[in-house]
Structure formats: C-alpha cells, structure tokens
Amino acid sequence: MENLGRKNPNADLSDIGLHNVKAHWNLPISNLTELTLNLGQGKLTSNGTLVVDTGEFTGRSPKDRFIVEDDITKNTVDWGEINQPISSEHFDGLYDKVMDYLREKDVYVRDAFACSNPNYRLNVRVINEYPWQNIFVNNMFIRPKVEEIDNFEPDWLVISAPGCMAVAAEDGTRQHNFAIINFTRKTIIIGGTAYTGEIKKGIFSVLNYTLPTNENVLSMHCSSNVGAKEDTAIFFGLSGTGKTTLSADPNRRLIGDDEHGWSRGNVFNFEGGCYAKVINLNPEHEPQIYNAIKFGAMLENVNFYEGTRDIDFGNTDKTQNTRVSYPIHHLDKTVHSQMGGEPKNIFFLTCDAFGVLPPVSKLTKAQAMYHFISGYTAKIAGTEEGIVEPQVVFSACFGAPFLPLHPTKYADLLGEKIEKNPNVNVWLINTGWTAGPYGTGYRIKLPDTRAIIKAALDGVLENVAYTVDPVFGLMMPAKCPGVRSAMLNPANTWEDKDAYYKKANGLAQQFVDNFRKFEDQASEEIVNASPKVRTDLAV
C-alpha cells in the first residue's frame, strides 16, 4: 500500500532544524521513479525496473561508521575497530552542516516502521536527498497504513545527504563520507555516500543495541522461514555460505531474509523487504529473487547488455556487490505477519574451504554459543586478488560490523533462549568442501545440502546414531536420507588421513586463536566448547 503523499498534519521539518526545503512526503513509487528519471539519476530496464548508480561507494564503508560516545553509550558499547567513537560536539557540528547543505533543496521524506512485532516496533522517519533513495526506504522498511501515517510520530530520525561532505580535520571523521549513530538524539546522519545499505544497516545497528539491552530480545543477522506445520527455522551465514538460497525453500514460507529478533514466543522480521545480491543471478537457481525484479524494485550498480535495456547480471565492471531491493510482497510464499513461533531448528552455515568440517553436525548449547561468537567461514582462493589459498574469516555472531555490544552479550542471550526452548535443535552445516581442501577435494553438492536441511527440518536426524569428531567435538549423524553415509564423516572422504588431521588441527588452532579476544567475557562453559588441537592424531 502506498500513502499518496500523506503525512501527519502536525509534522514540520523545521522542528529538527531543516528550514526552507521543499519536502515530498511518502510519495508513491511511480512518482519517485518519474522524478528519478527526470533528474537523470536512473534508467528503466526492459520490464520497468528502476536502475540507479550509487556513485563512489558501491558498498558500506565500515571504517567511516561512528557512534557518538556519551552518557548512554560510554560504558555499554563495545568500542574498538568496529564501533568507533565520535564526540557529541563533532556530531552536532556535522548535523548542522547537513541541515545547511539541504536548505533550499527538494527532500524526500518517508515514515516507516522497523520490527514486525508491534511490541518492539520502531517508528523511523527517513529524509533523503535523492528520490530513488526514498524508493529503497519504502522497499526495505515496513510500510504503514494510511491511518498510521496520519498520526505518525518518529522514534528515530535518519538523514541521508550523499552530497554533503565532511572535512576530516574539523569534523572528526576519517575522510569525507560518514555514517554516525547518536543514541541520545535518536538520530543517524549519513553523508558523502549514496550507498543505500548504510540506511538499512544504521537502523539494524540501533536495534542490535536497544533490543538486547532494553527488551531481552536477541537481534540476529539471519534469514528465517516457516514450514507447513508452522515450525520456524533460522539460517545464519556469511556471504557465500548459501543463506539466501537455502532459506528460499519452495515448500516453506519466508519470514525475512536478513534481520530478525527472537523474543519470548516468536521470531519476527525487522524489515519489509529484501536487499539481495544479484551478481550472476540465474532464474533457474534463484527464481524467487529473479521474479521479484519488476516495477517497484530497484537495481543498484548493474550494467545493461550493450544496446539493450536487459541486465547483464554477470557484469562486474562497477562492482561485485550489485544489488536489488524489493518489498517482500514481490515474493510468492511469505508469512503475511512476518512473524513465526519459537524456532525449532537453527542452522549455522559455513563454507569450509579446508574440507574438514562435517556436512552436518548437531551442536550442544555450549557449542552453539561458541560457534555463534566465532561466526566462521572461508574465502575461496581466486575470488579476490592476492588470495591463493583458502582464507579463514571470522565474523562474530555472523554480523560483527553491526554489533554495538560485546559479542558475548548476544551469545548469552542465544544460550538463554536455547535453555528455555529445549526442543530447539542447532546445526552446523558445511556448504563448502570435502575429500580435501579447495583445489583437491570437491564442493558439497547443493542437492546433498538440501537433503540434509530437509532431514533436520523433518526431524529425521533426531532419531539416528551419532559419532563425535575428535578435533572439533562435533556430533555427526551416522546416516541421512538422500546423502551417502560415507561423506557424513569428513575423515572418511580423505585418502590421506594424516593430511586430514593436519588440516583439521590447523583450522582448530585458528578457532582457538580467534576466540582469545572473547575469553575474558565468555563463560567457562563456552570456552570449554572450543575445538581441541589433537597432534596425536596426525603425523
């Protein structure tokens, strides 16, 4: 539903210091699309989808994200490389600079919600410099009904002015672009970058602070779906692990694909849409995403086939991070309320390019907390310049760039949720290699992984025998329908057992080394769930 330019009649941007602007409130997507085209800021594909370029930045800039250090955040935020502090004085100065920059300009305002669960709903007002940014906001946030717009009062304000540049020496930033969260003023300011993901992830970071701190709700960077028996499943995984592909199950309904909360009694989506990568998008492999790309969706940084208005999804001339945003109702099978019950199954997806983790293993509560904090996957050799061997990647809670609190805070909440829901199963799924590392072994086939996920969802893996991996301590099922039993224990797939244990010990040591930075705040139970380097098993 679109709100046809409606607004709360009492709303006035001068209240926030924004004077002498022409404000366009909650415009229909058709109007915003027309404005974008008239301004020369976009083009249409052959099927009417808007295409825009985000300019200098085609991805988030984590080194230019700041949180204001003040009485609220000083002793609660996990300060460091991810959560960089900036003073209230510098924020105030940049805020005034943004206000001055937008004066006399057209701005595009959208009132929207974050969190589908009304108990935790956040009213968000977003002010954009460009009309197409406002389309993104409409797609990604939850769209209010007309009567909700008429009485809308924002809890948080987001102001995105790509053309407003910081001066690092005087504004306290690293360079000209910035994204700054102020928890006292409940305001996010973004400048120097038009990459729309900064808007979405700014509010996600806010929720990652407020929900665990104030509501005892676990905020999660994950996808989620529901089966015919109303059983909820959660999928965690970094880029390249198969999170989007595996959660887009034709036999299940999607709750959401990226950001969720786990409260007492339910899992709920934070968003009203999807922001999917489209690099090498194939209608056969990912039909849901492909078919969602139509009028109302917005493509970013893609290229046309020469002489046409058809998208070349394999073209990476602008970026590898080509994207599309679309409202969730562009998908066929979704949960209308965007909420599900307590999860029955939780999947941690990892692409282990070393070929030593099992295709599936069942985790204890302590192991779940340990692997949640670790957030492991691997980059494959050849995917980035300079990488000639698989490269280990750890991202705490599978979303480190968006966590204002210490990772153990989220892990403790996960453990608490598992403790209160004894029927929940937590699985570690390797979508990477077996029978050897990348270059020697082979990648686990998608049908095998789908069969494993199905067996877990159907409860089949709850009634089979398990053996324990001697290095990682993981419980591996002896059999799984549709999967060769021999591949369920990775040691059995390697011809050279000594080589297997050497590689397994090497990865185990990297887990141990990575976890040292969390040990001072992690419980003994979690620390003891660490892999054990077993040199007695290798020559």
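Is Trp494 buried or exposed? Trp494 is buried, with a relative accessible area of 7%. That value comes from a predicted model, as does everything below.

Start with the aromatic residues. The structure holds 29 aromatic pairs. One of them joins Phe204 and Phe402, with ring centres 5.7 Å apart. Their planes meet at 50°, so this pair is tilted. Phe204 belongs to helix α6, residues 197–215. Phe402 sits in the loop between β26 (391–394) and α10 (407–420). The pair therefore ties together parts that are 198 residues apart in sequence. Phe204 counts as buried at 1% relative accessibility. Phe402 counts as buried too, at 5%.

Now return to Trp494. Its ring pairs with that of Tyr500. The centres lie 5.6 Å apart and the planes stand at 70°, so the pair is edge-to-face. Tyr500 is buried, with a relative accessible area of 1%.

Aromatic residues also gather in a group. Tyr370, Tyr376, Phe394, Phe472, Phe511, Phe515 and Phe518 form one aromatic cluster.

The charged end of Arg121 sits over the ring of Phe113, 4.6 Å from the ring centre. Arg185 lies over the face of Tyr95, and here the distance to the ring centre is 4.3 Å.

Next, look at Ser325. What does its side chain touch through a polar contact? The partner is the side chain of Asn139, at 3.2 Å. Ser325 lies in strand β21, residues 323–327. Ser325 is buried, with a relative accessible area of 0%. Setting aside neighbours within four places in sequence, Ser325 is in contact with Phe136, Asn139, Met140, Cys274, Tyr275, Ala297 and Met298.

Strand β21 has a partner. It pairs with β17 in the antiparallel sense, over 5 bridges. Ala276 stands opposite Val324 in β21. How many of the 5 residues of strand β17 are buried? The count is 4 of the 5 residues, so β17 (residues 273–277) is largely enclosed by the rest of the structure.

The cysteines come next. A disulfide is a covalent bond between the sulfur atoms of two cysteines. The structure holds 0 disulfides. Cys222 is in no disulfide; the nearest cysteine sulfur belongs to Cys397, 12 Å away. Cys222 counts as buried, at 0% relative accessibility. Cys274 is in no disulfide either. For Cys274, the nearest cysteine sulfur is that of Cys222, 13 Å away. Cys274 is buried, with a relative accessible area of 1%. Cys274 is also among the contacts of Ser325.

Turn to a sheet. Strands of a sheet pair through backbone hydrogen bonds, either parallel or antiparallel. An open sheet of 4 strands has the order β11-β15-β16-β22, and the pairing is antiparallel. Which strands stand at its edges? They are β11 (218–221) and β22 (339–340). Each has a single partner strand, so one side of each is left without a neighbour in the sheet. The partner of β11 is strand β15, residues 259–263, joined to β11 by 4 bridges. The two run antiparallel. Leu218 has Trp262 in β15 as its bridge partner.

Then go to Ser530, in the segment after α13 (524–527). Ser530 is buried, with a relative accessible area of 13%. Beyond neighbours within four places in sequence, Ser530 is in contact with Tyr370 and Val512. That Tyr370 is one of the members of the aromatic cluster. Val512 is 18 residues away from Ser530 in sequence, and the two are 6.7 Å apart in space, C-alpha to C-alpha.

Finish with the backbone. Most residues other than glycine have a negative phi, and most peptide bonds are trans. Lys186 has a positive phi of about 50°, although Lys186 is not a glycine. Lys186 lies in the loop between β9 (178–182) and β10 (187–191). At 42% relative accessibility, Lys186 counts as partly exposed. Ala435 also has a positive phi, near 65°, and is a residue other than glycine. The loop that holds Ala435 runs between β28 (433–434) and β29 (442–443).

Definitions and conventions:
Residues are numbered from 1 along each chain as its sequence is written. This is a predicted model: local features need pLDDT of at least 70, side-chain atom pairs count only at pLDDT 80 or more; totals for chains, interfaces and linings use all residues. Side-chain values use heavy atoms; hydrogens and water are left out. Rings of Phe, Tyr and Trp (its six-membered ring) pair if their centres lie within 6.5 Å; planes under 30 degrees apart count as stacked, over 60 as edge-to-face and the rest as tilted. Buried means under 20% relative accessible area, exposed over 50%, partly exposed in between (1.4 Å probe, protein chains only). A charge sits over a ring if NZ of Lys or CZ of Arg is within 6 Å of the ring centre and within 35 degrees of the ring normal. A polar contact is a pair of N or O atoms within 3.5 Å; within protein, one must be able to donate a hydrogen and the other to accept it, and residues adjacent in sequence count only if both atoms are side-chain atoms. Contact means heavy atoms within 4.5 Å. Two strands pair if DSSP finds at least two bridges between them. A disulfide is a pair of cysteine sulfur atoms within 2.5 Å.
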